[in-house]
Amino acid sequence: MTDQTAAATLLKLGVGREPFWLDVARGVRLQFRPISVAAILLARSVAADVLQAGGDDASIKAGVAFTRSLSHTGIAAWEGIGDADGNVVEPSPDNIDALLEHWPVFDAIDRLYVGPALIRDTEKNV
C-alpha cells in the first residue's frame, strides 16, 4: 500500500468538530453542532421506542423521531425564523418541533445533516 493510498483510507480524527451552517429553505439558515455518538444513541433509543409501540407506519414514524431527536440535539442557532406575528424566535424544543412540521425544512435537515452523518464519505471523513 502506498503512502497516498494509506492516507486515503485513514479515519481522520478531529475533522468537522465545529458548528456549521446549512441553508435549509429560502432565507432560512440553521447552525448545527456535529452529530456526536451520544446524540446518535439517543436518537436510536427514541426511534426504537416508536418501533416498539408499533402501529400503522411505525417505521416511518421511527425515522421521523430519529431525525427530530438529532435536530433537537444538533440545532444551535438559526436565522430567518419567526413566530406567527413575525417576531424572531430562538431555537427551543417547541420551536424546533414547529419548524420540523414544514416538510421542505424537515427534508433538507434529513438530507443535509442526518444522512451524511450516517453515511460518511470514507475518503473525506467529514
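**Close-up views of rings and strands**

**View A. Tyrosine 113 counts as buried, because its relative accessibility is 4%, under the 20% cut-off.** Please keep in mind as you zoom in that this is a predicted model. Searching the whole structure turns up 4 aromatic pairs. In one of them, the ring centres of phenylalanine 20 and tyrosine 113 are 6.1 Å apart and the planes meet at 45 degrees, so this pair is tilted. Phenylalanine 20 belongs to strand 1 and tyrosine 113 to helix 5 (residues 103-118), so the pair ties together parts that are 93 residues apart in sequence.

**View B. Tryptophan 103 and phenylalanine 106 make a stacked aromatic pair.** Here the distance is 6.1 Å centre to centre, with 25 degrees between the planes. Both residues sit in helix 5, and because they are 3 residues apart, about one helical turn separates them. Is tryptophan 103 buried or exposed? At 57% relative accessibility, tryptophan 103 counts as exposed, whereas phenylalanine 106, at 10%, is buried.

**View C. Strand 1 (residues 20-25) and strand 2 pair in the antiparallel sense.** If you trace the two strands, you will find 5 bridges between them.

**View D. Strand 2 (residues 28-32) is mostly covered.** Which residue of strand 3 is the bridge partner of phenylalanine 32? The partner is isoleucine 75. Phenylalanine 32 also features in a ring cluster, where ring pairs link Phe20, Phe32 and Tyr113. That brings us back to the tilted pair of phenylalanine 20 and tyrosine 113 from View A.

**View E. Arginine 29 places its charged end over the ring of tryptophan 21.** How far is the charged end of arginine 29 from the centre of that ring? The distance is 4.2 Å. For orientation while you look along the strands, side chains in a regular strand alternate between the two faces of the sheet.

Key: Residues numbered from 1 in each chain as written. Predicted model: local features only at pLDDT ≥ 70, side-chain atom pairs only at ≥ 80, totals over all residues. Heavy atoms only, no water. Buried < 20%, exposed > 50% of the residue type's maximum accessible area, 1.4 Å probe, protein only. Helix = DSSP H or I, 4+ residues; strand = E, 2+ residues; numbered from the N terminus. Pairing = 2+ DSSP bridges. Phe/Tyr/Trp six-rings, centres within 6.5 Å; stacked < 30°, edge-to-face > 60°. Lys NZ or Arg CZ within 6 Å of the ring centre and 35° of its normal.
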